[in-house]
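Hi,

Here is the structure I promised to pass on.

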Amino acid sequence: MSTAELMDFDEAIEKFEPVLGFEVHVELGTATKMFSAAPNGFGDEPNTNVSPVCLGLPGSLPVVNEQAVRYSISLGLALGCSIAESSSFARKNYFYPDLAKNYQISQYDEPIAFEGEVEVELSDGSIRRIPIERAHMEEDAGKLTHVGTSGRIQGADHSLVDYNRAGVPLVEIVTHPIFGAGALAPEIAKAYVATIRDIVISLGISEARMERGNLRCDANVSLRPWGQEKLGTRTETKNVNSMRSVERAVRYEIRRQAAILEAGGTITQETRHWHEDTGTTSAGRPKSDADDYRYFPEPDLLPVVPSAELIDELRAALPEPPAARRRRLKTEWGFTDLEFQDVQNGGLVSEVAATIAAGASPAAARKWWTGEITRLANARGAEPTSLVAPESVAELTALVDEGTLTDKLARQVLEGVIDGEGTPAEVVDTRGLAVVSDDGALIAAIDDALAAQPDVLQKIKDGKVQAAGAIIGAVMKAMRGQADAARVRELILERATE
Amino acid sequence: MSEISEEQVAHLASLARIALTDDEITNLASELDQIVNSIAKVQEVATDDVPATSHPIPLRNVYRPDVVGDTLTQEQALQNAPDDDGQRFVVSAILGEEQ
């Protein structure tokens with residue numbers, strides 16, 4: 001769709017009220033799958049983390065992973081939900097080869113957690129309450145690779161299936177419709193996903209790496225004229241896998257739907273695909289008879305009836321709520337409101353916290369994440385959190401602190417780390433980027449520079465120490481920037497006045 | 001009185017990817033109808049205070065510890081596949097998408 005078919009965002013919001021809804025899937029970081037003892041691993045050789053249950057082989061029977069139930073209850077509690085006295089699994093029947101059984105084990109009328117609320121903080125510091133309808137347990141599906149000319153579903157000749165992901169424990173968090181977002185709708189979308197991510201990270205129940213699909217968001221958007229009671233027809237943009245993309249996808253859908261409605265058209269109720277490269281959505285599958293999933297109780301699995309003691313134990317072990325955590329961290333780190341907002345708006349609170357925990361100073365952790373890493377991420381159209389691990393950032397700041405690297409060199413090392421060249425120390429070694437701390441090498445370069453510029457040498461001797469700048473420049477150039485300028489200056493003054 | 005219509009049978013057959021002839025649809029509608037009627041008789045004795053039962057055995061909370069167990073090898077996993085590329089199952093392209 002061309003931009004001519006989009007309405008200006010401000011105009012769209014003036015005419016229509018956006019109503020949002022989200023389904024966020026969280027892959028739990030258990031050792032094994034939801035219903036079998038096969039490993040829950042990422043990036044392994046295809047079809048090696050599979051058991052007969054994962055392949056739906058005849059006679060195989062699922063058994064519930066206790067840790068996954070505990071994680072799900074913890075997440076439900078952290079979302080402010082009630083935990084079901086009795087919760088059961090159901091079969092969602094559909095034919096698609098991403099699951100070999102022709103059904104997905106999910107939950108239907110008895111989800112493990114229901115009716116909660118999540119507080120989301122926006123960039124102006126205001127708080128929005130997002131109503132949670134339910135959080136239910138289910139299994140992830142296998143990974144399909146469509147082979148064909150286009151690389152997309154349309155035009156594929158055949159598909160390849162890897163069932164390593166089939167059966168990985170998921171919690172799907174479903175919101176109630178979110179009203180009153182207005183022009184803040186895209187920002188609320190992003191802040192909601194960032195908050196869910198912070199919650200699951202602080203619970204320690206998922207790696208929450210969006211680029212790996214540990215956390216995936218389906219965004220529902222509908223528009224209605226302001227003042228109208230009846231909800232408009234919604235679209236569901238599937239698998240939006242970064243916080244930035246969630247914001248963009250919601251903004252795009254508002255502009256697209258507004259243009260259609262304004263022209264007298266109607267919105268088709270359908271799923272839509274998000275295209276990261278163009279920042280657009282395209283029509284997927286329309287809602288149809290195929291959405292009749294014929295849910296029925298899963299006969300192979302017994303009800304989950306969590307005891308009051310278990311719920312109390314998990315509630316007592318909950319980390320502090322996100323708002324309290326933010327207030328505490330801001331004080332601990334000694335950040336100003338603006339500095340903390342910067343971290344918060346970048347969705348980087350967990351990364352900064354982990355970097356500090358790994359030994360970096362708060363100021364350095366903030367500077368790297370909101371500065372160079374964010375800049376590189378924007379340049380690459382990626383999420384900062386996907387580029388580099390907090391431990392590597394902490395190692396980088398340590399190398400700067402101990403004088404092995406200058407800030408400038410550290411930025412080069414960071415790029416090396418992001419490009420997969422290894423840990424910061426390894427990049428320093430392979431690229432030969434360490435600061436030259438050998439005075440002998442520096443003095444040789446200084447003597448060369450002084451000999452080449454005798455007029456400058458004379459000025460320094462006459463007491464005009466600022467003239468040393470020209471020599472520092474020449475020495476840094478000779479050292480390819482890998483020298484500590486302050487040390488070079490000291491040595492120049494020593495040599496010139498000897 | 002028939003409660004299961006031929007349209008419902010055709011709809012279910014299409015959802016279940018089962019090809020049925022018109023005759024089969026007519027026969028199945030009548031057979032399913034008898035089954036539904038028989039089950040309705042059971043419902044007559046179940047009063048309002050009897051909750052729906054999905055499992056006949058009064059067991060709950062049957063769990064497995066989160067410990068890795070046996071897996072199949074890639075070769076075993078692909079052994080019964082109609083087609084594979086040495087690593088993954090090959091399936092025909094399907095118009096649709098992940099659920």
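Strand E2 of chain A and strand E1 (residues 63-64) of chain B run parallel and are joined by 2 bridges. Within that pairing, A:Val64 has B:Tyr63 as its bridge partner in E1(B). Helices (H or I, at least four residues) and strands (E, at least two) are DSSP runs numbered from the N terminus, and two strands pair if DSSP finds at least two bridges between them.

Before you read on: this is a predicted model, where local features need pLDDT of at least 70 and side-chain atom pairs count only at pLDDT 80 or more, while totals for chains, interfaces and linings use all residues. Residues are numbered from 1 along each chain as its sequence is written, and chains are lettered from A and ligands numbered from 1 in the order in which they are written.

Back to the two chains. Chain A puts 51 residues into the contact and chain B puts in 35 residues (two residues are in contact if their C-beta atoms, placed from the backbone, lie within 7 Å). On the chain A side, the elements giving two or more residues are strand E2 (64-65), helix H2 (66-78), strand E8 (143-148), strand E9 (156-162) and strand E14 (280-286). E9(A) gives the most, with 7 residues. By class, the chain A side divides into 26 nonpolar, 16 polar and 9 charged residues. Here Ala, Val, Leu, Ile, Met, Phe, Trp, Tyr, Cys and Pro count as nonpolar, Asp, Glu, Lys and Arg as charged, and the others, Gly among them, as polar.

B:Asn61 counts as partly exposed, with 14 C-beta neighbours inside 10 Å. For the cut-offs, a residue is buried if 20 or more other C-beta atoms lie within 10 Å of its own, exposed if 12 or fewer, and partly exposed in between, with C-beta atoms placed from the backbone.

Chain A also has its own domains: domain 1 (3-310), domain 2 (320-431) and domain 3 (439-496), with bounds that come from an automatic or database domain assignment. The C-alpha centres of domains 1 and 2 of chain A lie 29 Å apart. Their contact takes 17 residues from domain 1 and 12 residues from domain 2. Strand E6 (113-121), helix H3 (185-203) and helix H4 (243-262) of chain A each give two or more residues to the domain 1 side, and H3(A) gives the most, with 7 residues.

There is an open sheet of 9 strands with mixed pairing, in the order E3-E6-E7-E10-E1-E11-E12-E13-E14 (chain A). Its edge strands are E3 (82-83) and E14 of chain A, each pairing on one side only. Inside the sheet, E7 (residues 127-139) and E10 (residues 169-175) of chain A run antiparallel, with 7 bridges between them; A:Ala135 has A:Ile173 as its bridge partner in E10(A).

One more helix to look at: H8 (residues 349-357) of chain A has 7 of its 9 residues buried, so it is largely enclosed by the rest of the structure. Among the helices its buried residues pack against are H3, H6 (322-333) and H7 (337-345) of chain A. Just after H8(A), A:Gly359 takes a positive phi of about 115 degrees.

Cheers
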